[in-house]
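Student: I am new to this structure. Could we look at it together?
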Amino acid sequence: MLLAIDAGNTHIVLGCLEGDSLRFTARLRTDRAKTRDEYALLFRSLFDLHHVEPSAVEGAVLSCVVSELTNVLCRAVETVTEKKPLVVGAGIKTGVNIKIDDPGQLGADLVVGAVAATDKYPKPMIVFDMGTANTMSVIDKEGRFLGGAILAGLQLSVDALSSGTSQLPHIQLSVPKKVVCSNTVECMQSGAVFGHAAMLDGLIDRVEEELGMPMASVVATGGLSTLVVPLCRRKISIEEDLMLQGLKLIYDKNQ
């Protein structure tokens with residue numbers, strides 16, 4: 001059994017995989033103040049909750065975009081499973097041909113997403129990851145990672161709007177019944193969700209125009225993808241466990 005952990009700025013997604021099947025998956029809030037022992041307690045509790053023995057874990061792999069937590073999470077995994085996790089980073093085999101200006105700047109999460117998407121879907125493709133930040137990754141038909149775009153995430157955008165204005169409230173993200181709304185809360189919800197859906201559609205159009213070819217696949221992952229993607233007019237496949245799939249592929253490449 002493989003323990004795969006994807007640590008983002010807002011949430012840590014953890015999954016245990018047997019072959020290609022998920023035994024369980026869980027989502028924890030990212031807390032930079034937590035210690036190794038506190039994370040170890042959380043991990044152990046999740047194993048107990050899902051009736052899985054940590055001793056059954058044969059290996060572990062970690063992707064972390066919060067640099068100060070990488071060592072903390074590694075030590076927590078070792079405490080619970082007695083296995084040292086493979087950390088996605090420089091020197092790790094991924095099979096991705098990175099063609100950006102400085103390949104060392106590419107976030108581990110973007111690499112993991114690209115590995116999983118290119119294994120499952122035809123190229124050329126776009127991969128959207130919708131979290132604290134929205135990222136767009138573009139892979140050409142030869143499988144080369146060309147680059148992409150980084151935008152403020154949906155929740156971050158709404159929070160900034162509420163915090164930066166005197167009369168707009170903090171709202172819960174949901175889909176209003178229509179685009180043209182008649183009260184403040186629904187107007188903000190409309191702008192957030194329909195606006196982000198239109199943004200994804202527009203980015204796909206512009207990428208296809210820039211590359212001079214249609215995308216064979218567009219894939220979306222991240223906690224807010226299920227809220228926005230159904231509102232898009234372009235065909236976008238939702239893969240909620242894309243990062244865990246990518247982590248398993250990378251782990252297997254490095255054995």
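Predicted model: local features only at pLDDT ≥ 70, side-chain atom pairs only at ≥ 80, totals over all residues.

Student: At what angle do the axes of helix H3 and helix H7 cross?

Tutor: The axes of H3 (residues 108-120) and H7 (residues 242-253) cross at roughly 90° and come within 8 Å.

Student: Which residues make the contact?

Tutor: On the H3 side they include Asp109, Val112, Val115 and Lys120. On the H7 side, Leu242, Met243, Leu249 and Lys253 are among them.

Student: How do the residues of that contact divide into nonpolar, polar and charged?

Tutor: The contact of H3 with H7 has 9 nonpolar, 3 polar and 4 charged residues.

Student: Turning to salt bridges, how many are found in the whole structure?

Tutor: A search of the whole structure finds 12. In one of them, the side chains of Glu68 and Arg32 meet at 3.2 Å, N to O.

Student: Where in the chain are Glu68 and Arg32?

Tutor: Glu68 is in helix H2 (residues 67-81), while Arg32 is in the loop between strand E3 (21-29) and helix H1 (36-49). The pair links distant parts of the chain, 36 residues apart. Glu68 is partly exposed at 45% relative accessibility, and Arg32 is partly exposed at 41%.

Student: What about Asp31, which residue does its side chain meet in a salt bridge?

Tutor: Asp31 meets Lys34, at 3.3 Å from N to O. Asp31 is partly exposed, with a relative accessible area of 28%, and Lys34 is partly exposed as well, with 24%.

Student: Which residues are linked in a network of salt bridges?

Tutor: Asp20, Lys248 and Asp252 are linked in such a network.

How values were computed
Residues numbered from 1 in each chain as written. Heavy atoms only, no water. Axes fitted to C-alpha atoms, helices over the stretch in contact; angles between N-to-C directions. Helix = DSSP H or I, 4+ residues; strand = E, 2+ residues; numbered from the N terminus. Contact = heavy atoms within 4.5 Å. Nonpolar A, V, L, I, M, F, W, Y, C, P; charged D, E, K, R; others polar. Salt bridge = Lys/Arg side-chain N within 4 Å of Asp/Glu carboxyl O. Buried < 20%, exposed > 50% of the residue type's maximum accessible area, 1.4 Å probe, protein only.
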